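The following note sets out points for a colleague who is examining this structure. The numbered paragraphs are intended to be read beside the sequence and the coordinates.

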Amino acid sequence: MAGTGGPVFDSTRRTEMANAFQAGGKHYDDVRPSYPLASLEWLSAGADIRDALDVGAGTGKYTQLLTGRGWAVTAVDPSTDMLEQLRHKLPQVQALVGRAENLNLPADSVDVAVVAQAWHWCDPLLASTELARVLRPGGILGLIWNQLDVSVPWVHRLARIMHAGDVHKPGFRPDVGPEFHDLQSHATLWMQVATPEDLLELVKSRSYYLKANDTIRAKVQGNLRWYLFEHLGHAPGEELELPYFTQTWRARV
């Protein structure tokens, strides 16, 4: 199924940008938001699940939701630095270095496979084939994105200043292979409490910033400081409610 409305990368650019996350696991874990439980509740509703797989698991933000269900959970990520944070928080999880396109896992071994905040770093057709291989018949593929809620005007401008490239256009539909059918979506609106200083750190965890030179980084930080403290008038340490929009997509193999 062809996708629409999301970031478009060729294979070289996809690899280049994804490699920005090979290091910095501690900072990523500190500043990135978690995911709403409603995402997993919708994704797994009515399903008989024993074994779960989190691909592109990073530091385990979505993995934590999976472990809360008492399932046997395996987490896969290409970054050893990210997985170090995951292992520290979730020692009960089997954590493996790997990629969605080439999983060192047996066929028909999991009931649900999730890819949270990482599908745009995968080759969707190769990853679909490999995930379909490890899923049991009727198994669930879940694709999840946390995004700033740009329907709120001040957040829309914030996203532009932060170069938040994973904010999807209206009508977005992820690209998945022919192995999957019945693609459906669910939206969750929620709030994260954050200070202006938290947002100044959050921008440092985004691929645009990580791949930028020092001049561009300084410009982004300067623009963000001006917007938060001068234009919006927030005080240092002030708690803000930052609106998020979580998209959860579900398909079956």
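1. Contact here means heavy atoms within 4.5 Å. On that basis, and not counting residues up to four places away in sequence, Pro196 touches Leu228, Phe229, His234, Ala235, Gly237, Glu238 and Leu240. Pro196 belongs to helix α8, residues 196-202. Its relative accessibility is 0%, and Pro196 therefore counts as buried. The C-alpha atoms of Pro196 and Leu224 are 9.1 Å apart, while 28 residues separate the two in sequence.

2. The model is predicted. The protein chain has a mean pLDDT of 89, and 89% of its residues reach 70 or more. Residues 13-21 need separate mention: pLDDT stays under 50 there, and the model has 25 contacts beyond four places in sequence for this stretch.

3. As to the chain overall, ten helices and seven strands are present. Of its 253 residues, 52% count as buried. Among contacts with a separation of 6 or more, 77% come from residues 24 or more positions apart.

4. In what order do the seven strands of the open sheet lie? The order is β3-β2-β1-β4-β5-β7-β6, with mixed pairing. The edge strands, each pairing on one side only, are β3 (94-97) and β6 (181-194). From one strand to the next the twist averages 20°.

5. Strand β1 pairs in the parallel sense with two partners: five bridges link β1 to β2, and four bridges link β1 to β4. Leu53 stands opposite Thr74 in β2, and Ala52 has Val112 of β4 as its bridge partner. Five of the five residues of β1 are buried, so this strand is largely enclosed by the rest of the structure. In a regular strand the side chains alternate between the two faces of the sheet. Accordingly, one may look at the directions in β1: Asp51, Leu53 and Val55 point one way, Ala52 and Asp54 point the other way, and all are buried.

6. The pairing of β5 (residues 135-148) with β7 (residues 240-252) is antiparallel and comprises nine bridges.

7. Leaving aside neighbours within four places in sequence, Thr248 is in contact with Ser39, Trp42, Leu43, Leu143, Ile144, Gln184, Ser185 and His186. Thr248 and Trp42 are 206 residues apart in sequence, yet their C-alpha atoms are 8.3 Å apart.

8. Helix α3 (residues 37-44) lies across β4 (110-116), β5, β6 and β7, and runs at about 15° to β7. The buried residues of α3 are Ser39, Leu40, Trp42, Leu43 and Ser44. Their cover includes α4 (63-67), β4, β5, β6 and β7. Gly46 follows α3 and has a positive phi, near 75°.

9. Helix α5 (residues 80-89) lies across β2 (72-77) and β3. The angle that α5 makes to β3 is about 175°.

10. The largest nonpolar core has 27 residues, of which Leu53, Leu103, Trp119, Leu131, Leu143 and Phe180 touch the most other members. Two or more residues of this core come from each of β1 (51-55), β4, α6 (124-134), β5 and β7. Apart from it lies another core, of 23 residues, which includes Leu40, Ile49, Tyr62 and Leu66.

11. Which residues are in contact with Trp119, leaving aside its neighbours within four places in sequence? They are Pro124, Ala127, Ser128, Leu131, Leu143, Trp145, Pro174, Asp175 and Val176. Of these, Leu131 and Leu143 are named with Trp119 among the core residues that touch the most other members.

Note on methods: Residues numbered from 1 in each chain as written. Predicted model: local features only at pLDDT ≥ 70, side-chain atom pairs only at ≥ 80, totals over all residues. Heavy atoms only, no water. Pairing = 2+ DSSP bridges. Axes fitted to C-alpha atoms, helices over the stretch in contact; angles between N-to-C directions. Core = buried A, V, L, I, M, F, W, Y, C linked by side-chain atoms within 4.5 Å. Buried < 20%, exposed > 50% of the residue type's maximum accessible area, 1.4 Å probe, protein only. pLDDT = per-residue confidence, 0-100.
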